[in-house]
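Please look over the sequence and the structure first.

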Amino acid sequence: MRINIVAVGKLKERFWAQACDEYLKRLSAYAEVAVVEIPDVDPSHCGVAQALDREADAILRAVPSDAFTILLAIRAKEFSSEQLAAKLDDLALSGRSTIAFIIGGSHGVARTVEARADMRVSFGPITLPHNLARVVLLEQLYRAFKINRGEPYHK
């Protein structure tokens with residue numbers, strides 16, 4: 001399985017990068033995972049709508065054309081770890097071996113990105129900074145693979 005994580009913004013603090021690197025290392029035993037960072041556009045220069053459109057162009061270029069695309073969004077269906085694991089397993093069994101997760105920036109994503117998403121997933125009604133959302137996503141992917149393989153992982 002190939003998983004692409006397309007995230008707006010760079011990990012500036014070392015501790016975020018270290019956390020992501022740890023989960024990427026763990027995930028390498030289960031899947032090919034690539035992270036593509038999309039530069040965030042400062043809306044003070046062009047307005048929020050235009051900033052989102054610029055980010056959207058880069059996001060959509062980074063998503064493989066054959067990928068089942070999952071957008072992380074506050075207003076979306078919440079999945080338990082087990083449900084996310086089951087969804088990934090279902091995708092693999094149905095021949096969808098390329099999955100892209102999109103993490104938007106602080107202003108969200110443009111409608112064109114929303115339209116490209118095959119599914120939306122929420123980590124709950126709270127707002128997470130994109131750096132933390134990336135760590136949580138990587139951890140949940142790792143947990144999903146452990147669940148699907150029947151391997152132990154702390155609860």
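The model is predicted. The protein has six helices and five strands, and from the N terminus its elements follow the order β-α-β-α-α-β-α-β-α-β-α. Its radius of gyration is 15 Å, which agrees with the value near 15 Å for a compact globule of 155 residues. Along the principal axes, the C-alpha atoms fill a box of roughly 50 × 35 × 25 Å. Of the 155 residues, 43% count as buried. Among contacts with a separation of 6 or more, 85% are between residues 24 or more positions apart.

In soluble globular proteins, nonpolar side chains tend to be buried together.

| Core | Size | Residues |
|---|---|---|
| Largest nonpolar core | 30 residues | most contacts inside it: I3, I5, I70, F101, I103, L137 and L141 |
| Another core | 17 residues | among them V8, I59, A110 and A117 |

Beyond its neighbours within four places in sequence, L137 is in contact with I5, L72, F101, I103 and F123.

Helix α6 (residues 130–148) also packs with helix α4 (residues 81–93), at an angle of about 75° and with the axes 8 Å apart. The two helices are therefore roughly perpendicular. Residues in this contact include L84 and L88 of α4 and L141 and I147 of α6. By class, the contact has seven nonpolar, three polar and three charged residues.

How values were computed:
Residues are numbered from 1 along each chain as its sequence is written. This is a predicted model: local features need pLDDT of at least 70, side-chain atom pairs count only at pLDDT 80 or more; totals for chains, interfaces and linings use all residues. Side-chain values use heavy atoms; hydrogens and water are left out. Axes are lines fitted to C-alpha atoms, for helices over the stretch in contact, and angles run from 0 to 180 degrees between N-to-C directions. Helices (H or I, at least four residues) and strands (E, at least two) are DSSP runs, numbered from the N terminus. Angles under 35 degrees count as roughly parallel, over 145 as roughly antiparallel, 65 to 115 as roughly perpendicular and the rest as oblique. Contact means heavy atoms within 4.5 Å. Ala, Val, Leu, Ile, Met, Phe, Trp, Tyr, Cys and Pro count as nonpolar, Asp, Glu, Lys and Arg as charged, and the others, Gly among them, as polar. A nonpolar core is a set of buried Ala, Val, Leu, Ile, Met, Phe, Trp, Tyr and Cys residues joined through side-chain atoms within 4.5 Å. Buried means under 20% relative accessible area, exposed over 50%, partly exposed in between (1.4 Å probe, protein chains only). The radius of gyration is taken over C-alpha atoms; the globule rule is 2.2 Å times the number of residues to the power 0.38.
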